[in-house]
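This explanation is meant for someone meeting the structure for the first time.

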Amino acid sequence: MTLTTREFWTALHGMLLGAAFLLAFTGSAVSLWGLRSEWTTSAGRIAGARFLVTGTWSMALLAWLTVSIGTFAIYPWYRAKPPAGASPAVLASYPKYLLMSSAKTEDWHEFGMEWKEHVGWLAPFLATAVAVVATRYRRTLANEAMLRRTMLFLLCAAFACASIAGLFGAFINKVAPVR
Amino acid sequence: MTTETSTPAQIPDSTSAHGTAWAALFSAGIGCTAFGILTMLSECVPAMKNKGLNWYNPSGALSGVAIGAIVIWLIVWAVLGARWHNRRLENERSLMIATVVLVLVGILTTFPPFYELFGG
């Protein structure tokens, strides 16, 4: 029951960090949705704000770690060039070129990977902005409907971007795993 | 009292002063759009893909897109944060709409069928 170094980093990127980000979104979104002056007591607002700050900073940290490891560690392994004239058996160690070697699988790279490698990067920008606002305005956020609405949109957009990246990452790693 | 026409009117007021918040949220939208535009450049302009944005060769143009977008995002945030710090902005609804649009533009411009329309 062993993992290669590359398999370990790929699992860390997608199954640990990426999945944890998606989970942290759930708590953050529920905290933000419920943080309204008309729904909560002052003790509830304090507790809700604390959950929100913890959740959004967790999202931000996880997002930055996920995209950094993905871009600067795993992506180079994925896109490495095989030697000229490599056989199909050798291509298995070069995921991008394995996918591109057949019309049946090339769209996993041309569409799936190309979208995933870019859209996932939006998540840390969005999560960080929400975390900063949640921290700075934690005492008054319950009274600020327009801020909360905008923050919720950014959180949901971060979740959507990370979900797209995670979904395609999982499928691509099934078809052409990084080993 | 002069009014700037190119930015939301700014009224120094410590109560309900959300300028700092809008600087963070709006600049995140700018960061997303910047990332999307750099993505389109890297996919549609071969010189950018092969050289201009290839800042770390193992990762290719994605390295330049990511680092470039981060730099743009942080600069915009710093500038807006300084200008709107602790200020009450009049057009918060417009800022909300603009932020949403910028984020959606960022998502759209990373979508392969979209940038392939421009030669990607």
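Two residues are in contact if their C-beta atoms, placed from the backbone, lie within 7 Å. The model shown here is a predicted one. By that contact rule, 29 residues of chain B are in contact with 29 residues of chain A. On the side of chain B that touches chain A, the elements giving two or more residues are α1, α3 (61–84) and α4 of chain B. The most comes from α1(B), which gives nine residues to that side. Sorted by class, the residues of the side of chain B that touches chain A are 17 nonpolar, ten polar and two charged.

A single residue shows what such contacts look like. B:S59 has its place in the loop between α2 (46–52) and α3 of chain B. Leaving aside neighbours within four places in sequence, B:S59 is in contact with A:T71, A:F72, A:Y75 and A:P76. Is B:S59 buried or exposed? A residue is buried if 20 or more other C-beta atoms lie within 10 Å of its own. B:S59 has 23 C-beta neighbours inside 10 Å, and therefore counts as buried.

Next comes chain B as a whole. Chain B has five helices and two strands, and along the sequence these follow the pattern β-α-α-α-β-α-α. Of the 120 residues of chain B, 42% count as buried. Among contacts in chain B between residues at least 6 apart in sequence, 78% join residues at least 24 apart.

One pair of helices within chain B can be followed in detail. Two packed helices are described by the angle between their axes and the distance between the axes. For helix α1 (residues 19–44) of chain B and helix α4 (residues 92–109) of chain B, the axes come within 8 Å and cross at roughly 25 degrees. Angles under 35 degrees count as roughly parallel, so α1(B) and α4(B) are roughly parallel to each other. The crossing in which α1(B) passes α4(B) is left-handed.

Which residues make this contact? From α1(B) they include B:W22, B:L25, B:F26, B:G29 and B:I30. From α4(B) they include B:E92, B:L95, B:A98, B:T99 and B:L102. By class, the contact of α1(B) with α4(B) has 14 nonpolar, seven polar and one charged residues.

How values were computed. Residues numbered from 1 in each chain as written. Chains lettered and ligands numbered in written order. Predicted model: local features only at pLDDT ≥ 70, side-chain atom pairs only at ≥ 80, totals over all residues. Axes fitted to C-alpha atoms, helices over the stretch in contact; angles between N-to-C directions. Helix = DSSP H or I, 4+ residues; strand = E, 2+ residues; numbered from the N terminus. Parallel < 35°, antiparallel > 145°, perpendicular 65-115°, else oblique. Left-handed = near helix turned anticlockwise from the far one by under 90°. Nonpolar A, V, L, I, M, F, W, Y, C, P; charged D, E, K, R; others polar. Buried ≥ 20, exposed ≤ 12 C-beta atoms within 10 Å, placed from the backbone.
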